[in-house]
Amino acid sequence: MTVVETKALNLFYGNKQALFDVSLTFPKNQIISLIGPSGCGKSTFLRTLNRMNDLIPNVKTSGDIFVKDIKVTSSRTDLVDLRQRVGMVFQQPNPFPFSIYDNVAYGPRLHGTTNKWELDKIVQESLMKASLWEEVQDRMHTSALGLSGGQQQRLCIARVLAVKPEIILMDEPTAALDPISTAKIESLIVELKEKYTILIVTHNMQQASRISDLTAFFLNGHVVEYDDTKNIFLNPKEKETQDYISGRFG
């Protein structure tokens, strides 16, 4: 089942075109890695899926994006609803300067949940899904800024899970983390695939090959190749893909 589809998607920053006719489909409960050299358009593409690029001046798009029954590119799209359904985790952990509890409860409160019992349940379940509950259950009302980098990133994932998204976007979620924290996040991503579709931008080729089901290779704003991850890494069809995978550029 397809949950995200883009059709002939183009994006411009002012007069500079950053994406060229990107047409892709992403199936349910899969991990999709977006790879390519810096500046190739993969993070820009990721941000089109929940309209985060709207926050940048002079951005224009053409083409269509669908998230299940939502036409993302429509001017009538409710962006609050869209960003609830399409959550995002960034490269640098960005917990709010609140308690651990209030970080996770923030989204549900924003969407109208006020019952304390219900909030307690959401917070605990989200932290458990993010493999963080055991580490923080005895300090829920201390500042989230006191957590380690890896714990902060898992808290940010819990914060996304708390609003019950269908799709999770991750923009280099382990780039700022040490190898042990990276391994924990990767294990978590694989576990989350059971309930969510996950798109991850990564410069780490080993990470893409370890955790993703499908991989799209971007170059200069174009999708050069999109296939099963095994095929991309072991038997790419395009020379540019082979050159990038083998480290000849990028």
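Buried means under 20% relative accessible area, exposed means over 50%, and partly exposed lies in between (1.4 Å probe, protein chains only). The model is predicted, so local features need pLDDT of at least 70 and side-chain atom pairs count only at pLDDT 80 or more, while totals for chains, interfaces and linings use all residues. Residues are numbered from 1 along each chain as its sequence is written, and side-chain values use heavy atoms, with hydrogens and water left out.

**View 1. A salt bridge joins Asp-120 and Lys-116.**
A salt bridge is a side-chain nitrogen of Lys or Arg within 4 Å of a carboxyl oxygen of Asp or Glu. Here the N to O distance is 2.9 Å. Both residues sit in helix H4 (residues 116-129). They are four residues apart, about one turn of the helix. Helices are DSSP runs of H or I with at least four residues, strands are runs of E with at least two, and both are numbered from the N terminus. Asp-120 has a relative accessible area of 28%, so Asp-120 is partly exposed. Lys-116 reaches 58%, so Lys-116 is exposed.

**View 2. Glu-186 meets Arg-210 in a salt bridge.**
The N to O distance is 2.7 Å. This pair links distant parts of the chain, 24 residues apart. Glu-186 belongs to helix H7 (residues 179-192), and Arg-210 belongs to helix H8 (residues 205-211). Arg-210 is exposed because its value is 51%.

**View 3. Arg-109 and Asp-102 form a salt bridge.**
Their side chains meet at 2.9 Å, N to O. Arg-109 has 39% relative accessibility, so Arg-109 counts as partly exposed. Asp-102, at 26%, also counts as partly exposed. The structure holds 13 salt bridges. Elsewhere, a network of salt bridges links Lys-68, Asp-69, Arg-85 and Glu-166. Side chains of opposite charge can pair when their charged atoms come close.

**View 4. Phe-98, Tyr-106 and Leu-110 make a nonpolar surface patch.**
Together they have about 290 Å² of accessible area. Areas come from the Shrake-Rupley method with a 1.4 Å probe, and for residues only the protein chains shown count as cover. Patch residues have over 30% relative accessible area and no salt bridge; like charges are joined within 9 Å, and nonpolar side chains (Val, Leu, Ile, Met, Phe, Trp, Tyr) within 5 Å. Where is Phe-98 found? Phe-98 lies in the loop between strand S6 (86-89) and helix H3 (100-110). With a relative accessible area of 32%, Phe-98 is partly exposed.

**View 5. Four strands build an open antiparallel sheet.**
The order is S2-S1-S4-S5. Strand S2 (16-27) and strand S5 (70-71) stand at the edges with a single partner strand each, so one side of each has no neighbour in the sheet. Two strands pair if DSSP finds at least two bridges between them. How many bridges join strand S1 to S2? Eight bridges connect S1 (residues 2-13) to S2, and the two run antiparallel. Phe-12 stands opposite Gln-17 in S2.

**View 6. Asp-227 sits in strand S10 (residues 222-228).**
Asp-227 counts as buried because its relative accessibility is 16%. Its side chain joins that of Lys-237 through a polar contact of 3.0 Å. A polar contact is a pair of N or O atoms within 3.5 Å; within protein, one must be able to donate a hydrogen and the other to accept it, and residues adjacent in sequence count only if both atoms are side-chain atoms. Contact means heavy atoms within 4.5 Å. Not counting residues up to four places away in sequence, Asp-227 touches Leu-214, Thr-215, Ile-232 and Lys-237.
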